[in-house]
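Hello,

Here is the structure we talked about. Please have a look, then read my notes below.

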Amino acid sequence: MGKDALKSNSGGYYNTAMGWQAMYANNSGSYNCAVGASALYQNTTGTYNVGIGFEPLTSNTSGSYNVGIGYRSLYYNTTGTYNSCNGIYSMYANAGGIMNT
């Protein structure tokens, strides 16, 4: 729901995308939830991620089991897994970290 939400999805399933360009580049990533403009924007194969707010997990491509709640939380995460954060810019520069809270 939202302009260009899940626009590139071809093989992913059980995803929820609400907001302008939410999960825009998703290809085969599954079991993700993106709520907000550009949430999980670059996600292609990542699974079991949750991004809520403006641009959370925007750079995520293959990272899985992440939760980012808040303005640009986990923004630069690309391959990191099992990360959880809440708040404005929380874990903003985390790129490949694992198991952070």
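**Cysteines and backbone**

C85 is buried, at a relative accessible area of 7%. (Buried means under 20% relative accessible area, exposed over 50%, and partly exposed in between, with a 1.4 Å probe and protein chains only.) This is a predicted model: local features need pLDDT of at least 70, side-chain atom pairs count only at pLDDT 80 or more, and totals for chains, interfaces and linings use all residues. Residues are numbered from 1 along each chain as its sequence is written, and side-chain values use heavy atoms, with hydrogens and water left out.

How many disulfides does the whole structure hold? A search finds zero. C33 is in no disulfide; its nearest cysteine sulfur, in C85, is 15 Å away. A disulfide here is a pair of cysteine sulfur atoms within 2.5 Å. The C85 sulfur, 15 Å from the closest cysteine sulfur, in C33, is therefore too far for a bond. C33 counts as partly exposed, at 25% relative accessibility.

Now the backbone. Y31 is not a glycine, yet has a positive phi of about 60°. Y31 sits in the loop between β1 (16-18) and β2 (33-35). Strands (E, at least two residues) are DSSP runs, numbered from the N terminus. Y31 is partly exposed, with a relative accessible area of 34%.

S38, also a residue other than glycine, has a positive phi near 60°. Where is S38? In the loop between β2 and β3 (50-52). Is S38 buried or exposed? S38 is buried, with a relative accessible area of 5%.

Best wishes

How values were computed: Helices (H or I, at least four residues) and strands (E, at least two) are DSSP runs, numbered from the N terminus.
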